[in-house]
Amino acid sequence: MRTILVLNAKGGCGKSTISTNLASYYAFEEEKKVILADYDPQGSSLAWLEARGEEWPAIEGVAAFKDKLHHARDTDILIMDAPARVHGKELTAMVRKADTILFPVLPSPIDMRAATDYMKEVRAIGKIERKEAKIGVIANRVRENTIIFSELYDFIKKLKVPYVATLRDTQNYIRAEERGVGIFEMAPSQVYQDLESWEPLTKWLRSKRSMPDK
Ligand SMILES: Nc1ncnc2c1ncn2[C@@H]1O[C@H](COP(=O)(O)OP(=O)(O)O)[C@@H](O)[C@H]1O
Ligand SMILES: [Mg+2]
């Protein structure tokens with residue numbers, strides 16, 4: 001089983017959006033058996049699963065903020081949707097479970113500053129130092145050709161962590177969220193730009209670069 005943790009201390013940076021779309025990617029595109037573990041008492045990922053119709057490939061949800069994380073032996077992919085403000089022991093415990101960490105950042109000065117500090121905290125965890133889990137940064141809700149986007153780009157380069165995707169700011173994610181689907185399950189004519197923007201991310205996830213060194 002492969003475990004992917006979607007993490008950032010800030011609320012609203014896209015952790016649940018990326019978690020649910022990634023779950024849709026693995027279930028729909030790769031026909032994997034997927035578990036989506038929601039660690040946030042707000043339960044955004046679980047609400048998404050509730051909206052998901054029977055016609056779509058099944059994804060199992062776990063209310064991991066209150067229930068013990070159990071999974072069937074034949075699970076292929078476990079996606080952990082983190083809450084905001086996880087620090088200290090709780091953070092270490094979540095990172096310990098992960099093979100790969102996706103770290104979404106919004107192009108805003110406040111978010112970038114907060115992300116720098118949080119990234120320091122995450123990278124100081126032994127498992128990350130030993131490269132037993134890999135981190136990739138995702139720029140989310142980007143409006144291209146804005147000054148703040150070029151600042152975000154410079155900022156991510158300074159983090160010295162692989163920069164694996166740029167997702168644009170679009171209503172498509174809101175529509176997907178309402179319907180309990182991912183962009184992979186929407187009309188390609190409507191979401192082709194977004195499907196393209198996920199390609200570098202899914203490519204990175206398929207490569208060894210996103211897998212633990214041991
Ligand atoms: N790329 C995007 N484009 C448009 N809206 C987005 C995008 N990413 C996230 N959102 C919206 O922003 C809000 C916060 O995102 P969410 O994924 O819930 O963040 P988090 O889980 O980090 O708190 C949600 O309403 C979501 O639909
Ligand atoms: Mg969330």
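Two strands pair if DSSP finds at least two bridges between them. Helices and strands themselves are DSSP runs, numbered from the N terminus: helices are H or I with at least four residues, and strands are E with at least two. This is a predicted model, where local features need pLDDT of at least 70, side-chain atom pairs count only at pLDDT 80 or more, and totals for chains, interfaces and linings use all residues. Residues are numbered from 1 along each chain as its sequence is written, while chains are lettered from A and ligands numbered from 1 in the order in which they are written.

**Exercise 1. Find the partners of strand β5.**

Task: Which strands pair with β5, and in which sense?

Solution.
- Step 1: Begin with strand β1 (residues 2-6), which pairs with β5 in the parallel sense over three bridges. Here Val6 has Leu102 of β5 as its bridge partner.
- Step 2: Turn to strand β6 (residues 134-142). β5 and β6 also pair in the parallel sense, over six bridges. Val105 has Ala139 of β6 as its bridge partner.

**Exercise 2. Decide how enclosed β5 is.**

Task: Are the residues of β5 buried or exposed?

Solution.
- Step 1: Learn the rule. A residue is buried if 20 or more other C-beta atoms lie within 10 Å of its own, exposed if 12 or fewer, and partly exposed in between, with C-beta atoms placed from the backbone.
- Step 2: Apply the rule to β5 (residues 100-105). Six of its six residues are buried, so the strand is largely enclosed by the rest of the structure.
- Step 3: Look at each face. Thr100, Leu102 and Pro104 are buried on one side, and Ile101, Phe103 and Val105 are buried on the other, so to speak of β5 is to speak of a strand with both faces covered.

**Exercise 3. Describe helix α1.**

Task: How many residues does α1 have, and what distance does it reach?

Solution.
- Step 1: Count along residues 15-29 to get 15 residues.
- Step 2: Compare the span with expectation, which is 1.5 Å times one less than the number of residues. From first C-alpha to last, α1 reaches 20 Å, close to the 21 Å expected.
- Step 3: Check the burial. Since 13 of the 15 residues of α1 are buried, the helix is largely enclosed by the rest of the structure.
- Step 4: See what follows. After α1 comes Glu31, with a positive phi near 50°.

**Exercise 4. Explore the shell around ligand 1.**

Task: How many residues surround ligand 1, and which are the closest?

Solution.
- Step 1: Use the cut-off: a residue is near a molecule or strand if its C-beta atom, placed from the backbone, lies within 6 Å of it.
- Step 2: Read off the shell. It holds 16 residues, and the closest are Gly11, Gly14, Lys15, Ser16 and Thr17. The elements giving two or more residues to this shell are α1, β6 and α7 (171-179).
- Step 3: Sort by class. Ala, Val, Leu, Ile, Met, Phe, Trp, Tyr, Cys and Pro count as nonpolar, Asp, Glu, Lys and Arg as charged, and the others, Gly among them, as polar. The shell has four nonpolar, eight polar and four charged residues.

**Exercise 5. Compare residues in loops.**

Task: Where are Ile183, Lys131 and Lys160, and is each one buried or exposed?

Solution.
- Step 1: Ile183 is in the loop between α7 and α8 (188-206). It counts as buried because 26 C-beta neighbours lie inside 10 Å.
- Step 2: Find what Ile183 touches, where contact means C-beta atoms, placed from the backbone, within 7 Å. Leaving out residues up to four places away in sequence, Ile183 touches Asn21, Asn172, Ala176, Val191, Asp194 and Leu195.
- Step 3: Lys131 lies in the loop between α5 (126-129) and β6. With 12 C-beta neighbours inside 10 Å, Lys131 counts as exposed. Its phi is positive, about 60°, although Lys131 is not a glycine.
- Step 4: Lys160 is in the loop between α6 (147-159) and β7 (163-168). Lys160 has 10 other C-beta atoms within 10 Å, so it is exposed. Its phi is also positive, near 55°.

Definitions and conventions: Contact = placed C-beta atoms within 7 Å.
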